[in-house]
Amino acid sequence: MAEASNAEKTEPASQRRLDQARKNGDIPRSREVATFTVLMTAGAGLWMMGGGLVAKLSSVLQGGLSLDREQIHNPALLMERVTADVAGVILACLPLAAMVMLVMLASPLVIGGWNFSAKSFLPNFGKLNPMRGLGNMVSTNALVELLKAVAKTLLVGAVAWYVVMSQKDAVLGLALEPFGTAAPHLASILAKSFLTMVGSLGAIAILDGPYQIWHYADKLKMTRQEVIQESKESDGNPQIKGKIRQLQREMARKRMMANVPTADVVVTNPTHFAVALKYADGQRGAPRVVAKGTDEVAAKIREIAKENKVALLEAPALARALYKHTDIDDEIPERLYSAVAEVLAYVYQLRAYAKDSRQQYPDRPTRLPVPPEMDPFDPAYKAPGTQAGADTGADEL
């Protein structure tokens, strides 16, 4: 069942797959929408410019049928006359042709947009495969195209019949009108009939546009295995990334442990927390945290500190506050200045006693001024975004 589920294309196409399809020239297109917009533009243009167009063409036709004797016997003059008449026809049709051409170029923006792909010009010999052709003939898309063709035939045929029957009397009456009024009247009848029949294609276009978008998305769907494989190719193998992050953490821990021998003091919990502090005498700034950790990491920090004769001081509240409110290489918080100052004073006195044992052994600080709201174990502890005394999960520390 799992293999069958992985083989089914149930996942939407990724952006990478969509980009690749577009690069290959595969984009959603609706021929019905493009045909409807171009034909409707032509009909609207004929409706708006039909009278002037017929008048210009009539003028060119009348001029072309009236030739003087000199033009008939002089081929050069006759060619000039023909050239002028052809230019007149082109100029008369140019506005309508330009309008249709502009809409034809803009119609792809409705669905899919413009797309230029060199691969579309390359020969695809796979299309010559007869089995593939037979498969396309019996596909769902072929059935949809057949239904669209039948629907267009029936719809346009019915509308055309209605138009012919409704305009029958008007068309027969053209024979009784003078040419000057019959020509514009004929253009108006043709434009109305054309727009009515093309308008019926709008119903097909409205349905075909969303269908082509859905069909394109359905065609590019991916299996779960393809999604996983693409994710690996794009972002890298999760196992490898996890290994890299593990190595980075180990390297950062090694660098941190290398700083422990340079510390002035290690403040402990005494077993669960350890924070190593260093104060650069003669330089500006507060003491900095050079290493910190809990449980096994804290035990390793204490071990390295003992090996390098770094002073250890049990100050549970201070150790917890420093661990909670600082990161590696951070200066200590201003509210802990007094407590850390007493600790450093005690350390410096220990160093002085180690050099001269005749001096009095320093008293170990026991009541350090640590604000209760900075100690995660204190009931008055206030985490960011919480109220003092609220349950902050300190017991988990």
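## Terms and source

Two strands pair if DSSP finds at least two bridges between them. Helices (H or I, at least four residues) and strands (E, at least two) are DSSP runs, numbered from the N terminus.

The model is predicted: local features need pLDDT of at least 70, side-chain atom pairs count only at pLDDT 80 or more, and totals for chains, interfaces and linings use all residues. Residues are numbered from 1 along each chain as its sequence is written, and side-chain values use heavy atoms, with hydrogens and water left out.

## Sheet

An open sheet of four strands has the order β5-β4-β3-β6, with mixed pairing. The edges are held by β5 (288-294) and β6 (311-314); each has a single partner strand, so one side of each lacks a neighbour in the sheet. β3 and β4 run antiparallel and are joined by four bridges. Threonine 268 has alanine 274 in β4 as its bridge partner.

## Helices on the sheet

Helix α13 packs on the sheet and touches β3, β4, β5 and β6 (contact: heavy atoms within 4.5 Å). Buried residues of α13 (316-325) are Leu318, Ala319, Arg320, Ala321 and Leu322, where buried means under 20% relative accessible area with a 1.4 Å probe, protein chains only. Their cover includes β3 (265-268), β4 (273-278) and α14 (337-355).

## Whole protein

The protein has 14 helices and six strands. Of its 397 residues, 28% count as buried. Among contacts with a separation of 6 or more, 71% come from residues 24 or more positions apart.

Conventions:
Buried < 20%, exposed > 50% of the residue type's maximum accessible area, 1.4 Å probe, protein only. Axes fitted to C-alpha atoms, helices over the stretch in contact; angles between N-to-C directions.
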